[in-house]
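Here's a quick briefing to read with the structure open beside you. Have a look around first, then come back for the notes.

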Amino acid sequence: MTIDALGGQGDGVARLDSGEVVFVPDVAPGDRVRVQLTGKRKGVRRAVPRALVTPSADRVRPRCPVAQTCGGCQWQHVSLARQHAEKLRNATKALGLAPTPMGATPPFGWRRRTRFHLRRVDGVLRAGFMGSGSDELVAVDTCPVLAPPLDSLPAKVATWAAEWLKRGEALAHVGAEGVVLRVQGVSRGKTPPPSAEVAASLGVVGLQVETQAGTQAWGQREVTLSETVDLHPVRVDAAGFSQASADANVAIRAAVAAAIERCGPLDTATELYAGSGNLTGLLLDAAPRVHTVELSEAAVVRARAAFGDAVAEGRLRAKVGDAGAVTRRPKGNELWLLDPGRPGAKDACHRITKLRPPHVVYVSCAPDTLRRDLRTLRQGGYAVTAAWWVDTFPHTPHLEVVALLSLARQPTPA
């Protein structure tokens, strides 16, 4: 088969002589490959590659030695130019129009947060990531996509925890102050208390250890996202969500600001999946009153702290809750901003079509769920009027899209 394109979830797309689509992993557009058909999943035929007959001109040598087995970087064997072209094609297909580019993340050393597993391999504690399509550990000492403060952390943590940890996982986040690290798992003996000496050996400013014996901590629990220090400081802990790189977040915030500006003077705004307030400040700059909804209570506490003056003045109401269960009706020229994770915002979009705010800004990192949710919004009378995109996740099918939708007509009858 000849691989025609790369799909929104990362697999190559090819066709049988009958025209039926086949998804094939670990290939590049233009590859001629011999495959074995493996059946259907979710109504789509699947195959696995058995031999590379003729390599594509867009196939490159991966920088990482475990790129073909690790589940983290599906596209490291594809040239960056082709990655960008495939992502733009998938975003355009989802949106119905070509989005405006807002820059790209550097190909390596960009990821400022990580989660890696710690398991015993032949009795030795190793750190690594899950294999592609499996729960087998792919052990690594370093990872080239991790930011420099994190790239050597897996090996350091495995060495430090070798004597006392049976199995577990580690979560880390880089901020303006440095790295905060959480190690959680099952110990096989007495857990040594975190200390300044241990933290210095790991290169972190905060260390938290959670085992069946309890939780111990030293140093900082949270750090500030570097690009927000001079604005409204957004803080996260080791497990907290942030855009994966500072460069990407700057570009995403610029796209969201451009979308907000197109909506004209706002009477109020609502933000769903608000997190710790990464985008909230943009709404407060544009609207006299802002309502936010976020499921994580800890994230809401951080957002209230970041925007304390606005909370005290009554301009910001930050609520803990489910974005799909919002009942507050829009007032005047109102904008709703939503930034869900990869599963998308199915319930929230259905709610939007019933409550009908005049403007919606949807920030998405997954073209497949974006396409599904935009279908719901279009059926509810919305139209995409502008869009932007950022290549936030090099070597993966994921990107960030900012879509502006406006209420154009009455909903389509179900």
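This is a predicted model: local features need pLDDT of at least 70, side-chain atom pairs count only at pLDDT 80 or more; totals for chains, interfaces and linings use all residues.

Two packed helices are described by the angle between their axes and the distance between the axes, so that's where we start.

**The helix pair**
- Helix 1 (residues 80-95) and helix 10 (residues 367-379) have axes that come within 8 Å and cross at roughly 15°.
- Angles under 35 degrees count as roughly parallel, so helix 1 and helix 10 run roughly parallel to each other.
- As for handedness, helix 1 and helix 10 make a right-handed crossing.
- On the helix 1 side, the contact uses Asn90, Lys93, Ala94 and Leu95, and these meet Pro367, Leu370, Arg371, Leu374 and Arg378 of helix 10.
- Sorted by class, that contact between helix 1 and helix 10 comes to 5 nonpolar, 1 polar and 3 charged residues.

**Positive phi at Asp122**
- Asp122 isn't a glycine, yet its phi is positive, at about 55°.
- You'll find Asp122 in the loop between strand 7 (113-121) and strand 8 (124-130).
- Exposed means over 50% relative accessible area, so Asp122, at 79% relative accessibility, counts as exposed.

**Positive phi at His395**
- His395 is another residue other than glycine with a positive phi, here near 70°.
- The loop between strand 21 (382-391) and strand 22 (400-407) is where His395 lies.
- The cut-off for buried is under 20%, so His395 counts as buried at 4% relative accessibility.

Notes:
Residues are numbered from 1 along each chain as its sequence is written. Side-chain values use heavy atoms; hydrogens and water are left out. Axes are lines fitted to C-alpha atoms, for helices over the stretch in contact, and angles run from 0 to 180 degrees between N-to-C directions. Helices (H or I, at least four residues) and strands (E, at least two) are DSSP runs, numbered from the N terminus. Angles under 35 degrees count as roughly parallel, over 145 as roughly antiparallel, 65 to 115 as roughly perpendicular and the rest as oblique. A crossing is left-handed if the near helix is turned anticlockwise from the far one by less than a right angle, and right-handed if clockwise. Contact means heavy atoms within 4.5 Å. Ala, Val, Leu, Ile, Met, Phe, Trp, Tyr, Cys and Pro count as nonpolar, Asp, Glu, Lys and Arg as charged, and the others, Gly among them, as polar. Buried means under 20% relative accessible area, exposed over 50%, partly exposed in between (1.4 Å probe, protein chains only).
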